[in-house]
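Subject: Handing over a structure

Hi there,

Here is the structure I promised to pass on to you. Please open it first, and then read my notes below.

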Amino acid sequence: MQIAKVIGTVVSNQKEPSLRGAKLLLLQFLDEEGRLLPKYEVAADNVGAGIDEWVLVSRGSAARQIVGNETRPLDAAVVGIIDTVNFGNRSLYSKKDQSY
Amino acid sequence: MQIAKVIGTVVSNQKEPSLRGAKLLLLQFLDEEGRLLPKYEVAADNVGAGIDEWVLVSRGSAARQIVGNETRPLDAAVVGIIDTVNFGNRSLYSKKDQSY
Amino acid sequence: MQIAKVIGTVVSNQKEPSLRGAKLLLLQFLDEEGRLLPKYEVAADNVGAGIDEWVLVSRGSAARQIVGNETRPLDAAVVGIIDTVNFGNRSLYSKKDQSY
Amino acid sequence: MQIAKVIGTVVSNQKEPSLRGAKLLLLQFLDEEGRLLPKYEVAADNVGAGIDEWVLVSRGSAARQIVGNETRPLDAAVVGIIDTVNFGNRSLYSKKDQSY
Amino acid sequence: MQIAKVIGTVVSNQKEPSLRGAKLLLLQFLDEEGRLLPKYEVAADNVGAGIDEWVLVSRGSAARQIVGNETRPLDAAVVGIIDTVNFGNRSLYSKKDQSY
């Protein structure tokens, strides 16, 4: 999985019927030090992530290993909201220290 | 999924028999700010996208999670025509503001 | 799918038994303007493509959605010989205008 | 598979229910000479890898070919702790020579 | 598939149980002219490839379309030892001309 930050939303009305009801988030990838990378993904979100949160994104067929997504033409999904990222004993990120 | 712009069409007559009837669009990828990237994909389109529209493209086995594509040797498909892309409260793109 | 040009062939005798009889082409990728990219793929060909032709190549599990390839360890296949690539009203490539 | 070094851990509480109990490691990729690359992966670990160890990471659907991961939305997993990497007769890495 | 050269071996004792008995080779990728690229893969080998040989490597789920690998968490496998690579009428590589 990659670490990404929720930066926006995408809305599509004329789409594959199976995608009805899917919430699509615009995610920007972060590097292993937490810096924004010039790389994004539009991913389905079933875990309730919000703007500025750090999330884990799975790509490929993994995106369909989620209840409700099994037959959707998705290649990316948010699979978790990140609480902490630790490098050995050093904390790189802690959600509870963020102020939105 | 990635965001891409429809820039053309590809026609192939001598092809895998299962691809008969598939509409193949040439898509150019956009970055998270809507700028054209030097990267393209030829994708099947079942949602009726037209030139200059912004679309969502799914790659990999996701392209076959679409009625009619299940057994086609496709690795990319248009899964939706984009109406809006929002960054937080800022609108990056709105289809209704475009003039074709 | 990506657009590629057939530039050669690859022969392997000591190989996975299921690959016996597979014709393997060396393809060089083209960008969206038809320029050669420094990127290639060795792909199975069941459609009868020849040297210098432009083809569509599918990668990943799509390569096994072809009669005869279902259980072969292939991650790339030629799925069609390209007749035309059009950018809006402009023709980028037309097979019938080529002289081999 | 790629060779990577375990550099940290990631914790997520609000996540896909099927991921409960999964141990998620932050891995940094190494090049073929053992140098750190600016590329990472968050991967599930079922083999018991620890900080600073070199591991093999599999990506894509391979990550779900592990007992317990079959239906988890994972696209990366640690599949082995590396003991030795040899280039011909030269040893590039030997776990028993490391001091943690 | 990509063309790669066998440059070494990787040994892992503490690993996914299904990988017991798998022979893991370190492969360095070659470009379409046969030059070494700064890119490698650790791949399972069931065809008996040896150091310095040129091989075809398949990645992704293709690696499990091999007898014995079906349920192993592998994302890369050697699928053939290359005998010849030809560009049109020019020979780029011929195994029988190599001296090891």
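Let me begin with two chains that stay apart: chain B and chain E do not touch, and their nearest C-alpha atoms are 11 Å apart. Contact here means heavy atoms within 4.5 Å. Chain C and chain D are likewise not joined by any contact, with their closest C-alpha atoms 11 Å apart.

Some background before you go further. This is a predicted model, in which local features need pLDDT of at least 70 and side-chain atom pairs count only at pLDDT 80 or more, while totals for chains, interfaces and linings use all residues. Residues are numbered from 1 along each chain as its sequence is written, chains are lettered from A and ligands numbered from 1 in the order in which they are written, and side-chain values use heavy atoms, with hydrogens and water left out.

Now to a pair that does meet.

What holds polar atoms together here? There are 20 residue pairs in polar contact between chain D and chain E, both residues at pLDDT 80 or more. A polar contact is a pair of N or O atoms within 3.5 Å; within protein, one must be able to donate a hydrogen and the other to accept it, and residues adjacent in sequence count only if both atoms are side-chain atoms. Chain D can be laid on chain E with an RMSD of 0.0 Å by a turn of 72° and a shift of 0.0 Å along the axis, which is the relation of a five-fold axis. The superposition is by least squares on the C-alpha atoms of residues with pLDDT of at least 70 in both copies. Only 4% of the interface residues of chain D are also interface residues in chain E, so the copies meet through different surfaces.

Best wishes
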